Amino acid sequence: MPAERPSPSADDLLLEVRDLHVHFPLDEGTVRAVAGVDFDVYRNRTLCVVGESGCGKSVSAQSILQLVDRPGRIVQGQIRFHQHDADGGVTVTDLASLRSSSRAMRSIRGRHIGMVFQEPNTSLSPIHTVGNQISEVIQLHLGADEDTARRQGIEMLERVGIARPAQNYDAYTFELSGGMRQRVMIAMALVCSPALLIADEPTTALDVTTQAQIMSLLQELQADFGMGVMLITHDLGVVAEMADDVVVMYLGQVAEYGDVDRIFHAPTHPYTKALLRSIPNLDFDQDIRLDSIRGMVPDPFHRPAGCPFGPRCDEVIEGRCEAENPPAFSLAEGGSVRCLHYEEVTLS
Amino acid sequence: MSGTNGTLLSVRNLSMFFPVRGGFLQGHRGEVRAVDDVSFDIQVGETLGLVGESGCGKTTTGRCILRVVAPTAGELWYHPREGEPVDLARLDTAGLLPWRQEIRMIFQDPFASLNPRLPVLEIVGECLKVNRGLRGSALEDRVAELLGLVGLRPEYMRRYPHAFSGGERQRIGIARALALNPRLVVADEAVSALDVSVRSQTLNLLQDLQNEMQLTYLFISHDLSVVRYVCNRVAVMYVGKLVELADTRSLFLTPQHPYTEALLSSVPKPDPRIRSQRIVLEGDVPDPAQPPSGCHFHPRCRYAVDRCAEETPPLRETAGGHHVACHLADEIELAGIQG
Amino acid sequence: MIARVPAPDHQEAINVATQWQLMWWRFRKHRLAMTSLVIVILIYLVALLAEFLAPFTPDEFRADYTYAPPQRLHLFLETENGLRFQPWVYGYKVEIEEEALRRVFVPDEEVIHEIGFFVSGVPVRLFGFLETDRHLVGPKEPEAPMFLFGADKLGRDLLTRMIYGTRISMSIGLVGVALSLILGILLGGISGFLGGQVDNIIQRVIEFIRSVPTIPLWMGLAAALPTDWPPLRIYFGITVILSFIGWTELARVVRGRFLALRTEDFVIAAHLDGVGQMRIILHHMVPSFLSHIIAALTLAIPNMILAETSLSFLGLGLRPPIVSWGVLLQEAQNIRTVATAPWLFATGGAVFIAILALNFVGDGLRDAADPYAR
């Protein structure tokens, strides 16, 4: 199916994240959960942010909507959100400078940027019906009256593939299965036709056949609504199925950025390469041992000096990787990589 | 590879029903058929995968074999190294004691499965104390050896679980499972809670240990790509029933049950160039308290005929070692993974 | 998040830290609880060393000083050589109030009574065997009046009586809680571990006891105690009555923990390791909820103290000559006292501080009780 989408144009830019830093000052020391992250999200394209637990992928997503848990806060960087209006004008807002509870932030959250979380159980209220929750969003953001909200809500439930939408509109969320609840979450996130959808591990809690349903649904909805999607996941299989562009994160930094085909077929960063080698494949081509990355992700209080991946890397340049944290080098084939091996590439 | 040394465990007509209670005075209101008439054999030295989605009964099957719960019906014939087979389903706690040293378990959650209040020495060493009467330096030496075996530094034995990461905790759990030189290890989602890079380390470790210690694994997992990597044979469960059982290669390349086909096509492949034609199943996994009539899969099956709603298909052998529970197994052509 | 101490060289100490160490590190961060812990320890020290700390003995009365108001304590004495640290109080003189024609005590500025430390006074027996006549503070001349918190209707020193009252009031909490602990762990444990019909019966009994309003129940039970019992036996009877109600809460906590732990993976693992039932309970389950029990106990002590105080206040609990805070408050319970001797309510302040401190300690313990929470 996809992969043949035209390359993104500047007109389609929705979100630019630049040099984002999010810190959690704890008693034990400051955790630099996000330490200088850059990426862009375009209309009608899917950006997958992939990494292992603790790499800062969820915190990056939360900071876009100013939803980072206390005591974490954005200490540096910009999150420029481009709002395109009907006659082609563009308004740019720096979300990083807005307060979490400000009117401007609240009018963007849910209206222009929708969000879907990993655990539908904890994100939906058990004491309100599906309809209560979905119509609240519509009434709040679109100023619709109750009847209109109900009609639109039922339409949206039908759109996300919920059987008997009119009856399920009045159901409580605990009466629905996990997959159905995730569909309700998606309906709530998309009912105001946001320009950007942020989905944080939307299928991780689901079974594989349900995951397939939800992934297909997200692809269909993107084709219909043309929104930009930012999908956070740890599953490289999901990335390969869903992404147009990929951000690979490690210890709060973007190790590598590029389009999905290049990431999977010409990975550059040693971490990306190692990650791809370590996943079991369904192919029977070769019956070899899995390669694994030695060691483990360091404790957030003891970040290594120099390149964060240095201590686990097989391609270390002695004397340099321990000392320098490489900046992002642009690659000729597009995208960027934070590895000293690609220093010359940028120079040429 | 696949077992030629005979059978280690024969599961026969295993059923586990949990009563559903509710209402005033906790009246009996029906039952959840978590495992419903399941039979299979585990061969010596093989890794048998047990896959399915949540609620399909794979974990309960594992727990019945370990006799964490007493099965409602059925037999569990374990073949010891010497002597006659024993039916584990009929033994009481005292009778199970010798067999529990030979059949061990690795848990899914590396946090919940280690008592946070005990040091590693106690966690790994407890079964040695209880069953082998090891004490003092003999115990410490054995625990040190076990920690070395799973790739942890023996000095760590005085530490408490909170000092370790998820992957290291899972290694401690493996060391505990191996302490008594078991023959069969039931690994219940043993790598599901781990990150990608740690998961591959752990899978490699499990394979090395299998070769070194001649272990047999029952590998319970929902992750088909992991199962394909470690298992010799795979059994697929759906709503308490075994629907297909075959060696890994033929199950993945030529599945014969429509559910297996859908399951395989649902797994996201880590290659953007082969974005798959997913078979997206309609609806949800049925409630095991009220399973559909006939073949439990028929309401979601795209090949279903009238007969499927009426008759429960038995598990039958179609080709060498390939078992399937589908009326139409001989008539329909199903797609496996391209490999 | 696991409680960590900051310096990295402590990392190994954390790695091998037992649950009690982790709990302590966590508790230590809770400022209010730490302060309260110090206060609670001080209160118990007062109870332990009452004979030595109190200037007099609780039954020592001075008939000519009935309802003497509190004296103001002066710390520095003016002498020829200038100001010198020497606590002192004025003596009392009696004046007749014009309108009411009643005797009132006013400070006699002519008379100065010096107060000394480690003065000799009435001989007492410390810890029941150490004979001493030394008191921490007291008037330098043994006969001089010193009523820092005032005196009661018999001219007994209220401060002394409060100090002695600490002993009964604070210990009744401990003893009562100990009794409920035994009952609670036993019955809660049986209920949680066996489950089924036994569980059902025990839970219904608990519900029944909890549904009876406590005050009438206490009254009934307290009235059943024979009046001719010696004070010590009455004291014991009251603790039994208090713990009779107190155990239900603990039994529920214990049962809940047992039920939750029974299906924990590490308990199943121990079971599969071939560990015996008794060892699983003692080695795996009890240590897992002991810290929660301790927190629950600490929170139960103030309830016991309040219960004793209210019972005694109502005249149903302890009775003179036993001195407890409740008994002291009961003596302050009439209009005349409110009007003329409000200082007798000082005991209320002691109750207030003790209850608050114990509650904060309990809160701190409860927050620290599970250092492994993720």
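A salt bridge is taken here as a side-chain nitrogen of Lys or Arg within 4 Å of a carboxyl oxygen of Asp or Glu. The model is predicted, so local features need pLDDT of at least 70, side-chain atom pairs count only at pLDDT 80 or more, and totals for chains, interfaces and linings use all residues. Residues are numbered from 1 along each chain as its sequence is written, chains are lettered from A and ligands numbered from 1 in the order in which they are written, and side-chain values use heavy atoms, with hydrogens and water left out.

**Figure 1. Salt bridge between A:Lys273 and A:Glu315.** The closest N and O atoms of A:Lys273 and A:Glu315 are 3.3 Å apart. A:Lys273 belongs to helix 11 (residues 270-277) of chain A, whereas A:Glu315 lies in the loop between helix 11 and strand 11 (329-330) of chain A, so the pair ties together parts that are 42 residues apart in sequence. Helices (H or I, at least four residues) and strands (E, at least two) are DSSP runs, numbered from the N terminus. Buried denotes under 20% relative accessible area, exposed over 50%, and partly exposed the range in between (1.4 Å probe, protein chains only). A:Lys273 is partly exposed at 21%, and A:Glu315 is partly exposed at 30%.

**Figure 2. A network of salt bridges in chain A.** A:Glu16, A:Arg18, A:Asp40 and A:Arg80 are linked in this network. Within it, A:Arg80 forms a salt bridge with A:Glu16, with 3.3 Å between the closest N and O atoms. This pair links distant parts of the chain, 64 residues apart: A:Arg80 is in strand 4 (residues 73-84) of chain A and A:Glu16 in strand 1 (residues 13-26) of chain A. A:Glu16 counts as buried, at 12% relative accessibility, while A:Arg80 counts as partly exposed, at 22%. Over all chains, the count comes to 36 salt bridges.

**Figure 3. Salt bridge between B:Glu31 and B:Arg33.** The two side chains meet at 4.0 Å, N to O. B:Glu31 is partly exposed, with a relative accessible area of 32%; for B:Arg33, also partly exposed, the value is 32%.

**Figure 4. The open sheet of chain A.** Strand 6 (113-116) and strand 11 of chain A are the edge strands, each pairing on one side only. Two strands are said to pair if DSSP finds at least two bridges between them. Strand 3 (residues 46-50) and strand 8 (residues 228-233) of chain A run parallel and are joined by 5 bridges. The bridge partner of A:Cys48 is A:Leu231 in strand 8 of chain A.

**Figure 5. Strand 10 of chain B and its partners.** Strand 10 (residues 241-247) of chain B is mostly covered, with 6 of its 7 residues buried. Strand 9 (residues 233-238) of chain B pairs with strand 10 in the antiparallel sense over 6 bridges, and B:Val236 stands opposite B:Glu244. These two strands form a hairpin with 2 residues between them, and B:Val239 in the turn has a positive phi of about 45°. Strand 12 (residues 322-324) of chain B also pairs with strand 10 in the antiparallel sense, over 2 bridges. Here B:Glu244 stands opposite B:Val324.

Figure 6. Among the buried residues are B:Tyr259, B:Glu261, B:Leu263 and B:Leu264. Their cover, judged by contact (heavy atoms within 4.5 Å), includes helix 8 (208-225) of chain A together with helix 7 (224-230), strand 9, strand 10 and helix 8 (248-253) of chain B.

**Figure 7. Helix 5 of chain C.** Helix 5 (residues 158-194) of chain C has 37 residues and reaches 52 Å from its first C-alpha to its last, close to the 54 Å expected; the expected span is 1.5 Å times one less than the number of residues. The helix bends by about 25° at C:Gly165, the bend being the angle between axes fitted to the seven residues ending there and the seven starting there. C:Gly195, with a positive phi near 65°, follows helix 5 of chain C.

**Figure 8. Confidence in chain C.** Chain C averages a pLDDT of 81, and 97% of the residues score at least 70; pLDDT is the predictor's confidence in each residue, from 0 to 100. Over residues 1-8 of chain C, pLDDT stays under 50. Where pLDDT is low, the predicted coordinates should not be read in detail.
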